[in-house]
Amino acid sequence: MGLVAAFEWLGKPYRLCRVDMLGEMREPAYARLNGRHETPVLVTSDGRCLSETMAIARWLEARDDERRISFDPLSARAERMWQLLGFLNTGYTAAYTPSRQCASPRRSRTAKARRAAAASAGMCRWRR
Ligand SMILES: N[C@@H](CCC(=O)N[C@@H](CS)C(=O)NCC(=O)O)C(=O)O
């Protein structure tokens with residue numbers, strides 16, 4: 001969602017595509033965009049596919065000529081912004097993702113595998 005806001009604020013044309021995460025995202029055709037079967041994926045105007053939120057954010061920064069959504073990459077403010085983005089995309093997100101995956105019926109994991117994935121991500125410790 002943060003990337004969508006960034007695209008809006010950047011003020012350059014883009015097209016947002018809805019992906020059925022329970023269906024088409026699992027298909028081989030989607031794997032050609034992202035072999036990890038995850039969103040987001042950016043398809044650039046020359047047809048390249050770029051996955052990973054942080055990589056797409058960096059792609060946006062590099063094209064933010066008017067500095068609408070970013071700071072001078074050499075500035076301390078840019079360092080702080082990337083520090084916060086790094087935290088949001090790893091530590092913060094990791095705090096709720098495993099619990100969502102535990103509850104998700106769409107992955108055909110066994111209960112044991114779900115518990116292992118959650119435990120390795122630091123969640124569900126209270127069950128031990
Ligand atoms: N490391 C990736 C993680 C992306 C990610 O977790 N995407 C979620 C949706 S926000 C996803 O596609 N999950 C696949 C699933 O739930 O099956 C990134 O930072 O972009």
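In this predicted model, the protein chain has an average pLDDT of 84, and 75% of the residues score at least 70. The highest mean belongs to β1, at 98, and the lowest to helix α6 (residues 111-120), at 52. Over residues 118-128, pLDDT stays under 50. The model has eleven contacts beyond four places in sequence for this stretch. Where pLDDT is low, predicted coordinates should not be read in detail.

The protein chain contains six helices and two strands. Along the sequence, these elements follow the pattern α-α-β-β-α-α-α-α. The protein chain has 128 residues, of which 4% count as buried. Among contacts with a separation of 6 or more, 30% join residues 24 or more positions apart.

One helix pair was examined. Two packed helices are described by the angle between their axes and the distance between the axes. The axes of α1 (residues 2-10) and α3 come within 11 Å, and they cross at roughly 10 degrees. Angles under 35 degrees count as roughly parallel, so α1 is roughly parallel to α3. On the α1 side, the contact is made by Leu3, Ala6 and Leu10. On the α3 side, Thr53, Ile56, Ala57 and Leu60 take part. By class, this contact of α1 with α3 has six nonpolar residues, one polar residue and no charged residues.

Helix α3 also holds Arg58. Arg58 has 16 other C-beta atoms within 10 Å, so this residue is partly exposed. The C-alpha atoms of Arg58 and Pro73 are separated by 9.9 Å, and the two residues are 15 residues apart along the chain.

The ligand comes next. The residues around the ligand are Met21, Glu38, Thr39, Pro40, Glu52, Thr53 and Asn89. By class, this shell has two nonpolar, three polar and two charged residues.

Most residues other than glycine have a negative phi, and most peptide bonds are trans. The bond that joins Thr39 and Pro40 is cis, with omega at about 0 degrees. Pro40 sits in the loop between α2 (28-31) and β1 (41-43). Glu52 has a positive phi, near 80 degrees, and is a residue other than glycine. Glu52 is placed in the loop between β2 (49-51) and α3 (53-62). Inside 10 Å, Glu52 has 16 C-beta neighbours, so Glu52 counts as partly exposed.

Arg67 is another residue other than glycine with a positive phi, here near 50 degrees. The loop between α3 and α4 (76-94) contains Arg67.

Gly35 is exposed, because 11 other C-beta atoms lie within 10 Å. Along the chain, Gly35 and Met25 are ten residues apart, and their C-alpha atoms are separated by 10.0 Å.

Technical notes
Residues are numbered from 1 along each chain as its sequence is written. This is a predicted model: local features need pLDDT of at least 70, side-chain atom pairs count only at pLDDT 80 or more; totals for chains, interfaces and linings use all residues. A residue is near a molecule or strand if its C-beta atom, placed from the backbone, lies within 6 Å of it. Ala, Val, Leu, Ile, Met, Phe, Trp, Tyr, Cys and Pro count as nonpolar, Asp, Glu, Lys and Arg as charged, and the others, Gly among them, as polar. Helices (H or I, at least four residues) and strands (E, at least two) are DSSP runs, numbered from the N terminus. A residue is buried if 20 or more other C-beta atoms lie within 10 Å of its own, exposed if 12 or fewer, and partly exposed in between; C-beta atoms are placed from the backbone. Axes are lines fitted to C-alpha atoms, for helices over the stretch in contact, and angles run from 0 to 180 degrees between N-to-C directions. Angles under 35 degrees count as roughly parallel, over 145 as roughly antiparallel, 65 to 115 as roughly perpendicular and the rest as oblique. Two residues are in contact if their C-beta atoms, placed from the backbone, lie within 7 Å. pLDDT is the predictor's confidence in each residue, from 0 to 100.
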